[in-house]
Amino acid sequence: MLRNWTQRVTLTDIIVWALGILILIGVIWGSIVTLNTGKYSTSTWIDLTITGLALGGVYALIALGYTLVYGILRMINFAHSEVFMSGPFTATFAAQALIALGWWNTYPILSLVIVMLVSAAVSASIAILLERIAYRPLRHAPRLVPLITAIGASFFLQYTFRGLYGSGLKPFPDMEIFSGFWLIGTVRIFKTQAVAILGAFIMMLVLYTIVQRTKIGKAMRSVSEDKEVAALMGINVDRVITTTFALGGISAGIAGILYLLLFPVAHFFMGFFPGLKAFTAAVLGGIGNVPGAFLGAMVLGLLESVGPSLFLDGLGIPAPNQLKDAIAFTILVFILIFRPSGLLGERLTQAKA
Amino acid sequence: METNTSFSWKEFVKAGLLGGAVAVLLSLVGMVAAFSGRYIVSGVFTMGQVLFIAPILLSTYAALRRNRQLTNSNLFMAGLLSGLVGSAILALLVLIGSMVNLRAMLINASPELYGILTFGRGTGLGIVILLGLGLLIGAAAAGFLLLPDRIRHALTQAIIWVLLIGLLRDLIVTVSFRWGPLSSIVRQLFAVSGLTIIGALILFLLVGGVSYWRWGRPKRDAAESFNQQRPAARWLTIGITGLILLFLPLILGTFFSEILDNVSMYILMGLGLNIVVGFAGLLDLGYVAFFAIGAYTIGILTSPELGIATMSWWEALPFALLASFLAGFVLGLPVLKMRGDYLAIVTLGFGEIVRLLVLSDWLRPWLGGSQGIQRIAQPSIGPLVLNTQQELYYLFLIGLGLVAFIAWRLKDSRLGRSWMALREDEDVAMAMGINHVSTKLLAFATGALFSGLAGAIFAAKLTSVYPHSMNFLVSINVLSLIIIGGMGSIPGVFIGALVLIAAPDLLREFAEFRYLVYGALLVVMMLTRPEGLWPEKRRQLELHEEEPAVVPAAD
Amino acid sequence: MPLLEVENLHTYYDNIQALRGVSLMVEKGEIVTLIGANGAGKTTTLRTICGLLRPREGHVKLEGEDLAKYKSHEIVYKGIAMVPEGRGVFARMTVTENLEMGAFSRNGKEEIKRNMERVFSLFPRLRERRTQLAGTMSGGEQQMLATGRALMASPNVLLMDEPSMGLAPVLVELIFDTIAQINKEGVTILLVEQNALMALAVAHRGYVLQTGEIVLKDTAENLRKNPTVQKAYLGME
Amino acid sequence: MTLLVAKNVTKRFGGLVALNKIDIEMKDNAIQSIIGPNGAGKTTFFNCVTGFYTPEEGDILLGEHNITGLSPDRVTQLGISRTYQNIRLFKNMTSVENILVGMHPHLKAGLIGGIFRGPLTRKEEAEALKEARRILNFVGLKGRGDMMAKNLPYGEQRRLEIGRALASKPKLLLLDEPTAGMNPSETHEMMNFIRHLRDELGVTILLIEHQMRVVMGISELISVLDFGEKIAEGTPVEIQNNPHVIEAYLGRGAASGLVQAAA
Amino acid sequence: MFKRSYALLALLVIAGMALAACGPAASAFECTDALGCVTVGPGEPIHLAYAMVISGADETLGVDSRNGVEVAISQKGQVLGHDIQLTGEDEGCSAEGGQAAGTKLAADPTIVAVFGTSCSSAARVAVPLLSQAGFAIISASNTAPDLTEAGNENNHPGYLRTAHNDEIQGAAAAQFAFEELGVTQAATIHDGSLYAEKLQEVFATTFEEMGGTITTTEAVDPNGTDFKGALTSIAATEPEFIYMPIFVNAGSLITRQAKEVPGLEEVRLMGADGMFSPDLVEGAGDAVEGLFLSSPDLASFGPEYQSTFLPKYEEMFGTEPISVFHAHGYDAANMVFAAIEQVAVQDPDGTLHIPRQALRDALYATKDFKGLTGNLTCTPTGDCADPKIAVYESHPGQFPPDRIWP
């Protein structure tokens with residue numbers, strides 16, 4: 001066996017593994033040093049963890065859109081970040097209107113529901129339009145083509161929103177009921193964070209149930225396996241795909257409101273980085289897998305929040321938080337190298353060769 | 001097909017709606033207003049007006065063309081309908097805008113915009129005028145379709161040229177400043193903005209006349225006619241082209257030299273990315289990383305600021321090239337096992353990592369952080385320091401010639417075939433004895449090398465580098481240009497760069513809407529002409545293949 | 001009136017013509033087979049009938065009704081089901097789920113249950129493997145599943161594309177036996193088969209397709225005796 | 001003289017055992033077949049031999065080289081090439097280019113050679129082109145060199161694929177259902193062509209085949225796989241009379257039919 | 001195609017020549033200026049240009065200043081009977097963008113003055129080009145000290161700015177923190193922009209010179225949203241004060257999140273003029289309470305800012321100012337108008353001659369110019385901003401904030 005192994009290993013593998021191990025050593029070393037110096041207290045770590053989970057919740061909901069679409073069309077909807085941006089961006093106007101009506105703090109739950117509906121509706125419509133105009137005609141084209149279209153659509157949407165609504169910041173008003181925090185023992189959880197984590201979890205469960213249990217969910221699964229055969233079963237493939245995009249859009253729209261609760265400023269470029277992170281999360285969890293997207297997002301949120309203080313600080317890197325995006329992207333790269341199927345994804349065997 | 005003389009009005013309403021929607025969009029994103037200061041024909045009409053009229057006109061015309069079989073009167077009816085619907089949507093915008101303050105949301109829904117749309121005649125009269133204009137547009141579209149081909153062609157040409165020359169007024173005037181006597185002549189044709197009426201008329205008649213006259217004469221495309229020439233004539237063509245290229249900056253002045261330099265730089269990168277994406281089929285969205293590495297290597301090695309080394313540009317160049325080549329190799333190693341879209345995202349991640357690293361405080365002592373690196377050396381030949389855009393143009397020219405030659409040679413080599421085979425079917429290519437890793441790496445590294453060269457010249461041109469110059473948009477620019485030009489096509493890179501890099505540089509109002517238009521262009525291009533403007537022949541076949549072209553194998 | 005009638009089909013892949021005026025008909029209760037060489041257009045014919053491909057010319061009629069206005073997923077509701085070439089089971093779904101997908105066009109719970117029973121009695125093997133993922137089953141079992149799945153739609157006409165492909169000869173016999181049995185239960189079948197010998201043994205009538213055209217049509221028995229058929233498709237010298 | 005030895009080869013996918021302790025040996029210059037129903041592991045075995053899969057257990061030897069777990073390109077360079085069940089040509093390349101890609105291991109020009117095109121490179125390319133035309137003629141595709149592979153008719157695509165496999169000058173050629181989708185007369189031609197290959201070029205050939213007529217007609221030794229196990233091995237006559245094979249694979253009718261046909 | 005266009009060109013030239021024959025007669029004015037004069041014919045507009053960032057991530061900065069310039073133009077109407085034409089180039093907030101914009105503008109001799117650049121990185125490349133072309137260049141938002149430092153290679157003749165030098169503001173902030181608040185432990189945050197990094201550097205140097213300690217320097221992503229990590233790192237160094245001269249987006253989020261990080265609840269935050277915006281008050285919500293901002297002394301801002309400038313801005317652009325340097329742009333434009341009016345020579349037919357060197361001299365000589373941003377007086381190297389920096393304390397829902405220092 002050993003002989004086989006040595007034959008199989010190429011220079012590439014050695015370099016890649018060496019890089020991986022080097023980074024791992026760095027991470028461990030950094031963590032040890034940080035923990036030894038005791039620069040941060042336990043409650044600090046807990047705080048960072050909760051922050052990370054809340055961020056993860058938002059990523060999770062965006063990641064669901066990537067995962068659903070990838071599952072069914074085997075394409076990366078690069079413009080999903082703009083689907084995410086469009087909903088909350090528009091919702092800030094709805095929020096202003098609600099404030100003008102005086103509903104915002106008198107009927108907070110109703111207001112939140114309205115804002116979420118607006119956001120989900122806009123995001124879903126953008127997603128559906130995107131599919132109808134930009135992707136459907138290209139369903140049989142080589143894979144690069146729809147990806148490039150998606151990149152184009154992403155830019156088009158970003159700058160259309162910029163043109164329509166301006167490039168300034170759109171503040172999202174605070175909600176009184178969500179200000180402040182709950183104290184559980186010595187742990188502080190900000191209400192907005194709790195809402196984000198909870199909301200994401202519920203949404204994930206809802207989507208998971210839809211995909212696994214309902215008729216349309218089964219139709220989605222069969223379309224993802226073979227569109228032609230699915231059509232032969234009497235499934236309207238186009239409608240199923242549209243539904244998938246709509247679900248992804250709704251989830252992105254809701255993600256957008258959770259995002260605004262946490263970070264109450266919207267602007268036309270707000271989708272780009274969360275989109276990339278969410279994609280990373282989807283890949284991390286195993287793209288095409290709904291619980292995987294959730295898990296991946298949580299892990300990513302955590303690493304991003306805790307990572308810089310934990311790994312980089314100990315290595316003596318100044319301003320470690322500047323590099324937290326680099327952490328996310330490094331994770332993406334290494335996941336795709338060492339376990340492209342992600343944490344929960346099934347290993348796609350190439351048994352069909 | 002039934003020979004039905006009646007027409008389905010739905011289609012034309014749709015066409016009108018589409019045209020109107022596009023016109024409204026262009027208005028609301030601010031393009032109409034931005035271009036409304038730009039006269040095409042001074043005092044007559046502006047580019048802003050063109051922007052809201054053209055969508056309706058074109059959409060109506062396209063719908064009519066699809067229904068050519070209709071009777072003339074029906075064509076006119078259909079045209080009127082479509083035009084009216086289109087303009088009605090614009091009118092609706094004006095009407096709503098006059099009643100509700102849309103501006104709370106839509107920042108461009110300004111009184112200024114309504115003024116432009118209603119030709120400054122107020123809401124009531126303006127809407128009537130607008131609707132009338134819609135009918136006029138419809139009638140014009142129908143009438144245009146009914147014109148004899150020859151006249152229609154001449155008319156189209158004339159309109160396009162008037163638009164073009166009118167738009168480029170500033171440039172032409174600017175260049176003409178270099179040519180004293182010519183300047184005053186040229187300035188007669190142009191007003192402060194756009195063409196004078198007389199200028200437009202002359203141009204219109206001239207182009208129309210020439211194209212009317214040329215109608216029906218055999219047309220050959222440039223490449224074909226070039227290939228058909230006798231060797232002597234061919235060399236003459238090459239020689240003349242070479243001479244023109246050589247003297248271009250002297251003829252056109254600094255303004256154009258700057259654009260030429262920019263275009264050349266992007267062509268340089270485009271040729272590199274073309275190898276990676278076009279030849280080998282590896283979508284690389286982090287191409288800017290290698291550009292950054294080339295530029296920063298020059299910066300680190302030549303700038304006295306960091307105190308690392310103070311080489312001359314020429315001494316540092318090999319290091320820059322080597323660094324980017326090796327970076328391509330090293331960065332390529334781990335990612336090349338991936339396929340397709342994963343690769344795209346990972347390379348994007350790489351590009352961002354490189355940007356974040358050069359920006360970081362961590363590496364600041366060596367890379368300058370956000371303050372960048374200044375006082376970078378410029379190349380010198382003997383006593384002559386290449387420090388103006390005109391002089392640097394020659395550096396670009398040499399680099400370009402070299403790189404284009406290499407790209408062209410590689411395309412038809414054993415390596416080129418291996419890339420193509422990998423692109424077509426990776427498994428099978430491996431089973432043919434092609435080492436997919438090293439072959440892809442070579443593509444990646446060669447592409448990186450070209451990008452590094454572009455970066456090295458870039459650093460010399462600016463004498464400074466900043467992390468902010470190394471952003472994702474550079475990668476997107478390069479990718480867009482090779483796609484618009486035609487993936488895998490070497491002349492396509494040149495065309496793509498001219499369209500995407502030179503055009504926005506020439507039209508300054510355009511800069512604000514650059515990425516909006518890029519985005520739309522990429523989508524439209526992929527939907528209608530995925531092979532690009534100057535496609536590589538092979539690629540063209542490949543991208544249009546929807547269903548297996550041969551009857552399925554196991555029938 | 002024939003149950004299924006195909007008139008003068010011209011079908012193209014891009015600009016390459018695959019069918020050049022194929023006409024055929026299937027009477028109620030028949031097994032009709034379509035034989036021909038690779039690339040003759042057999043699969044194309046089936047795909048055109050069930051709407052996966054659109055003919056440039058010609059009509060497909062079911063009980064006299066032109067199907068041109070229906071999309072492929074709507075045609076299932078009209079009573080045409082297909083067992084696709086290569087079986088096309090949903091590999092990551094269980095046997096039961098596959099069968100449920102087959103009944104996607106049906107709403108009556110009772111009917112679905114009944115059909116499921118019928119499939120299980122036809123293929124007892126499937127009952128044993130109800131909860132197994134379809135992708136992990138053998139080729140023969142997958143063929144059974146695909147056939148069963150098509151039956152779940154209670155079709156009037158069953159289109160079968162190369163049911164014997166890649167199966168052990170011993171299973172081929174079994175599959176053809178089942179085809180005959182399904183037919184006896186009242187399902188009309190249009191069968192495309194490479195294995196002309198077996199196909200003609202089970203079918204009532206047959207058509208011979210060559211480069212997109214019908215070159216011969218006759219009863220199965222006569223076709224078996226036809227010297228051209230014998231030479232070209234049955235391998236008898 | 002044995003060319004290929006597969007010893008104890010086992011390959012699993014997750015929980016599924018695709019190949020279970022398979023032993024297959026091939027003599028130099030032989031024509032052998034592997035038969036068995038779909039999913040029996042035939043193609044998986046091919047993939048193990050050509051380096052696409054690494055078996056969990058067992059060794060595969062080509063001559064004196066242990067090729068277990070080598071990457072596909074290395075295996076090809078050592079002298080194995082293959083065709084595919086569903087033809088996999090480089091569709092958008094011409095026939096000649098397909099062959100030239102097949103000749104890859106025997107050409108040298110790399111990055112530098114490709115750019116500078118020195119006399120050596122030019123000579124190499126010219127000779128390669130000549131050789132490619134010769135191979136095209138050999139597989140009966142004279143004059144089709146500049147056609148896009150996807151525009152060739154089905155039978156010619158099959159032959160082009162074989163030509164491409166031959167271009168790497170293999171010692172061992174693996175053919176995956178070479179007669180799939182052919183009518184009896186085409187099949188007959190293909191059988192002759194396979195024999196011709198072996199006799200003319202001295203290539204050892206391993207087939208996967210479903211058409212018993214072909215298998216029985218040209219193989220010298222047949223291995224029968226079922227559910228990843230080798231259930232029998234022997235000459236065509238032995239196989240046809242092996243009760244185990246008849247029960248698991250051939251069936252009584254087919255077996256007797258074959259016996260008649262062979263008679 | 002090619003032949004046709006050649007033919008076209010030739011015909012154009014001929015047609016043009018014919019027209020040129022009846023050109024206008026030469027004027028009598030004689031230009032003695034060292035850099036030459038710009039001649040504006042009767043009925044022609046005075047050509048001003050901008051080189052600002054109007055696309056990409058930093059576009060609000062440039063668009064806002066440009067809007068300020070446009071407000072000034074719109075209010076001014078005409079200068080000496082001539083319209084004002086404003087054209088411009090995008091400098092992309094980058095060196096290469098600056099070079100492109102600079103080169104292109106430099107090639108147009110009708111331009112009198114250029115407003116710009118927005119970013120200092122662009123300025124370093126663009127200014128030498130524009131300076132050589134003889135233009136007056138006035139930036140509304142360059143703050144890097146080297147641009148107006150005498151003898152520095154990045155200082156060029158003809159360059160002025162209405163934005164204040166980082167040296168002044170950074171030092172003022174340090175002085176405020178150390179002397180007024182009496183803090184000795186401070187942390188700083190920058191966002192990787194030239195502006196922020198330079199300001200925090202100046203702050204840190206001054207603060208340490210005074211005897212304070214900089215506990216740590218963090219850097220954040222200006223487009224980021226979650227800054228808890230960075231704030232936690234800072235909290236671990238136990239500062240009394242955080243100086244974060246960044247922009248509104250990250251600034252408002254940090255202001256909020258700092259209140260949620262244990263150990264930072266009581267730490268005072270201070271921003272610079274990059275955050276001096278109503279958007280910040282809205283974005284940071286209640287957390288804005290007690291946030292210090294340094295900015296030019298609002299007391300010297302004329303009342304016109306609220307009464308006429310803002311309404312005009314909103315009327316023209318449909319939004320409140322989207323960044324911080326609109327008023328500086330407005331002042332820059334008015335300075336140029338005043339200078340032109342001062343030096344231009346007008347012919348009886350309305351033709352205007354603007355001597356370039358004289359224009360520059362007039363600008364450099366600006367003294368006590370009543371602008372929106374204060375009383376502007378230019379130094380010989382072009383620093384025109386009113387150097388009076390004040391510190392403000394913010395309260396929720398209130399803009400402008402309360403001036404508390406000096």
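Colleague: Where is B:Arg375 found in chain B?
Modeller: B:Arg375 is in the loop between helix 16 (364-367) and strand 3 (380-381) of chain B. Helices (H or I, at least four residues) and strands (E, at least two) are DSSP runs, numbered from the N terminus. This is a predicted model: local features need pLDDT of at least 70, side-chain atom pairs count only at pLDDT 80 or more, and totals for chains, interfaces and linings use all residues. Residues are numbered from 1 along each chain as its sequence is written, chains are lettered from A and ligands numbered from 1 in the order in which they are written, and side-chain values use heavy atoms, with hydrogens and water left out.

Colleague: What is phi of B:Arg375?
Modeller: Positive, about 55 degrees, although B:Arg375 is not a glycine. Most residues other than glycine have a negative phi.

Colleague: Which peptide bond in chain E is cis?
Modeller: The bond from E:Gly116 to E:Thr117 is cis, with omega near 0 degrees. E:Thr117 lies in the loop between strand 4 (111-116) and helix 4 (120-132) of chain E. Most peptide bonds are trans.

Colleague: New topic, rings. How many aromatic pairs over all chains?
Modeller: A search of the whole structure finds 48. Rings of Phe, Tyr and Trp (its six-membered ring) pair if their centres lie within 6.5 Å; planes under 30 degrees apart count as stacked, over 60 as edge-to-face and the rest as tilted. Take B:Tyr61 and B:Phe144: their ring centres are 5.8 Å apart and their planes are at 65 degrees, so the pair is edge-to-face.

Colleague: Which parts of chain B does that pair link?
Modeller: Distant ones: B:Tyr61 is in helix 3 (residues 47-66) and B:Phe144 in helix 6 (residues 123-146), 83 residues apart. B:Tyr61 is buried, with a relative accessible area of 15%.

Colleague: What about E:Phe176 and E:Phe292?
Modeller: They form an edge-to-face pair, 5.0 Å centre to centre, with 70 degrees between the planes. This pair also links distant parts of its chain. E:Phe176 is in helix 5 (residues 166-181) of chain E and E:Phe292 in strand 11 (residues 292-296), 116 residues apart. E:Phe176 counts as buried at 1% relative accessibility, and E:Phe292 counts as buried at 2%.

Colleague: Which residues form one aromatic cluster with A:Phe273?
Modeller: From chain A, A:Phe155, A:Tyr159, A:Phe268, A:Phe269 and A:Phe272. From chain B, B:Phe472, B:Tyr515 and B:Tyr518.

Colleague: Which ring has the charged end of A:Lys215 over it?
Modeller: The ring of C:Phe104, with the charged end 4.7 Å from its centre. A charge sits over a ring if NZ of Lys or CZ of Arg is within 6 Å of the ring centre and within 35 degrees of the ring normal. C:Arg56 lies over the face of C:Tyr12, at 3.7 Å from the ring centre.

Colleague: Cavities now. How many of 30 Å³ or more?
Modeller: The structure holds 13. On a 1 Å grid over the protein atoms alone, a cavity is a set of points where a 1.4 Å probe fits but cannot get out; lining residues have an atom within 4 Å of a point. Grid points are joined across faces, edges and corners, and a volume is the space filled by probe spheres set on the points.

Colleague: What lines the second largest cavity?
Modeller: 17 residues, with A:Phe273, A:Lys277, E:Asn223, E:Gly224 and E:Thr225 nearest its centre. The second largest cavity has about 150 Å³ of space. Helix 11 of chain A gives the most to the lining, with three residues.

Colleague: Last one. What is the secondary structure of chain A?
Modeller: Chain A has 13 helices and four strands. Of its 353 residues, 64% count as buried.

Definitions and conventions: On a 1 Å grid over the protein atoms alone, a cavity is a set of points where a 1.4 Å probe fits but cannot get out, and a pocket is an open set with protein on both sides within 12 Å along at least five of seven lines; lining residues have an atom within 4 Å of a point. Buried means under 20% relative accessible area, exposed over 50%, partly exposed in between (1.4 Å probe, protein chains only).
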